[in-house]
Amino acid sequence: MSKKILIATDKPFASEAVKGIKNVIDQAGYELVLLEKYTEKQQLLDAVANVDAAIIRSDIFDNDVFEAAKQLKIVVRAGAGFDNIDLEAATSHGVCAMNTPGQNANAVAELAFGLAVYAVRNFYNGTSGTELAGKKLGIHAYGNVGRNVARIAKGFNMEVYAFDPFLSAEAIEKEGVKAVKTVEELYSTCEFVSLHIPATAETKNSINYELLNKLPKKALLINTARKEVINEAEIVKLMEDRIDVKYVTDILPSNHAEMAEKFAGRYFSTPKKMGAQTAEANTNAGIAAANQIVDFIKNGNECFRVNK
Ligand code: 3PG
């Protein structure tokens, strides 16, 4: 019997990405099932019931979903962060979970600069702003997105610094980026900090008052990572105490209404995470996910597996 591959995306891919995915699935002799813009969890539970594989974005795959997905063998998160998948539940249900690292990194990096320019030009309110050239940019975590941010920052003539606890200084510096030894040093050195850390038990709430208060005068924090890494109560206090600090984010904070009201002119959030929302990123990540599924089913390739 033909394998069924589900695309389950609350935030749909560009149509050309879906066509590209369908092409890979058709060529493999499998059947594509599409669930887009669903509003109720039950729709997802129904859709996973008889599929062998699933391609998702930030869609929540928790224990309930794995329980309902009786035939599921593989779920691929078309993107980098897999904090939306309950990895233990995947493992206990015998499901392989993967991501597609790097495939949407350029899109996210470009948006970081869109947000930065918007902020330093005072949210396009017509008043005199500042430029990025000559300023120090700190990249917090030097993975696929961080590397793309460094490349673009050099084009803006910024001085680029990075901190990554999993990389040596040599690995960072060979790419023409200054490595700092501690996260505190990154924040005390750079007036611009761009966040690229995943949401893990260690990083959640880690961007707190103490760290942010090390930022030099007239600093800008750019978040295209995850809202969970920010200590939301403490960033409010910080921005009350430091009226020179601005914050721009692509991930709507839980306290957005309070932030928007208190920090008008210093705070901006996109309404729905759109860093990876380009036709190119959707196509790259979506097709990579489809190819990984075909290679897993046909050849057992688990190269991008993220659960045990
Ligand atoms: C990622 O982790 O790849 C990005 O945050 C993009 O997420 P999205 O596919 O939900 O837009």
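## Helix α5

Helix α5, residues 105-120, has 16 residues and spans 23 Å between its first and last C-alpha, close to the 22 Å expected at 1.5 Å a residue; the expected span is 1.5 Å times one less than the number of residues. Helices here are DSSP runs of H or I with at least four residues, strands are runs of E with at least two, and both are numbered from the N terminus. The model is predicted: local features need pLDDT of at least 70, side-chain atom pairs count only at pLDDT 80 or more, and totals for chains, interfaces and linings use all residues. Residues are numbered from 1 along each chain as its sequence is written.

Buried residues of α5 include Ala105, Val108, Leu111, Ala112, Phe113 and Leu115 (buried: 20 or more other C-beta atoms within 10 Å of the residue's own, with C-beta atoms placed from the backbone). The buried residues of α5 pack against helices α6 and α12 and strands β9, β10, β11 and β12. After α5 comes Asn122, with a positive phi near 55°.

## Ligand surroundings

The residues around the ligand include Lys11, Arg57, Asn104, Lys273 and Gln277 (C-beta atom, placed from the backbone, within 6 Å of the ligand). By class, this shell holds 2 nonpolar, 6 polar and 3 charged residues; Gly counts as polar, and Asp, Glu, Lys and Arg as charged, while Ala, Val, Leu, Ile, Met, Phe, Trp, Tyr, Cys and Pro are nonpolar and the others polar.

## The whole chain

The chain contains 12 helices and 12 strands. Buried residues make up 44% of its 308 residues. The C-alpha atoms fill a box of roughly 65 × 45 × 35 Å along the principal axes.

Note on methods. Buried ≥ 20, exposed ≤ 12 C-beta atoms within 10 Å, placed from the backbone. Contact = placed C-beta atoms within 7 Å.
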